[in-house]
Amino acid sequence: MSYTLAQQDCIVPVTATVAVTQGQLVKVAGATLSVCTGTTTRPFGVVLEDAEIGATASIAVPGPIVFLEAHAAIAVGDTLLPAAAGRVVTGTTTLKVMGMALEAAIAQGDLIKCVLYPQLP
């Protein structure tokens with residue numbers, strides 16, 4: 001089975017759970033969008049236009065949007081790490097972070113939409 005993405009331009013529509021303004025860095029936890037508050041927060045992306053609570057906010061993300069195969073259950077907003085057989089699994093380490101889940105995985109083998117993070121040497 002083959003999956004294709006209609007949106008290849010690294011812009012993700014997200015329902016604003018807080019009012020956001022153009023240029024703000026935001027993070028996602030589950031279905032909650034919030035403004036980054038410090039240097040220890042990993043940004044999900046940057047707001048491209050103002051959005052009130054409940055409106056759709058366009059978020060530019062730091063890497064391409066791809067499908068990855070889950071090794072186990074994964075929630076929206078989880079940080080993704082490499083796992084066995086070329087799959088991804090959720091984790092909290094800062095080493096080898098692959099990206100963030102944009103969709104949930106119920107079980108091993110599910111293909112989920114994810115944002116890839118640029119890898120630094």
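Me: Which residue in strand 9 is the bridge partner of Thr79?
Reply: This is a predicted model, in which local features need pLDDT of at least 70, side-chain atom pairs count only at pLDDT 80 or more, and totals for chains, interfaces and linings use all residues. Residues are numbered from 1 along each chain as its sequence is written, and side-chain values use heavy atoms, with hydrogens and water left out. Strand 7 (residues 79–82) runs antiparallel to strand 9, with two bridges joining them; strands here are DSSP runs (E, at least two residues; helices are H or I, at least four), numbered from the N terminus. The partner of Thr79 in strand 9 is Met100.

Me: Which residue in the turn between strand 7 and strand 8 has a positive phi?
Reply: These two strands pair in the antiparallel sense over three bridges, and Pro82 has Val88 as its bridge partner in strand 8. They form a hairpin with five residues between them. The residue with a positive phi, about 60 degrees, is Ala85.

Me: Which are the edge strands of the open sheet?
Reply: Five strands make up this open sheet, with antiparallel pairing, in the order 6-10-9-7-8. An edge strand here pairs on one side only. That gives strand 6 (65–69) and strand 8 (88–90).

Notes
Pairing = 2+ DSSP bridges.
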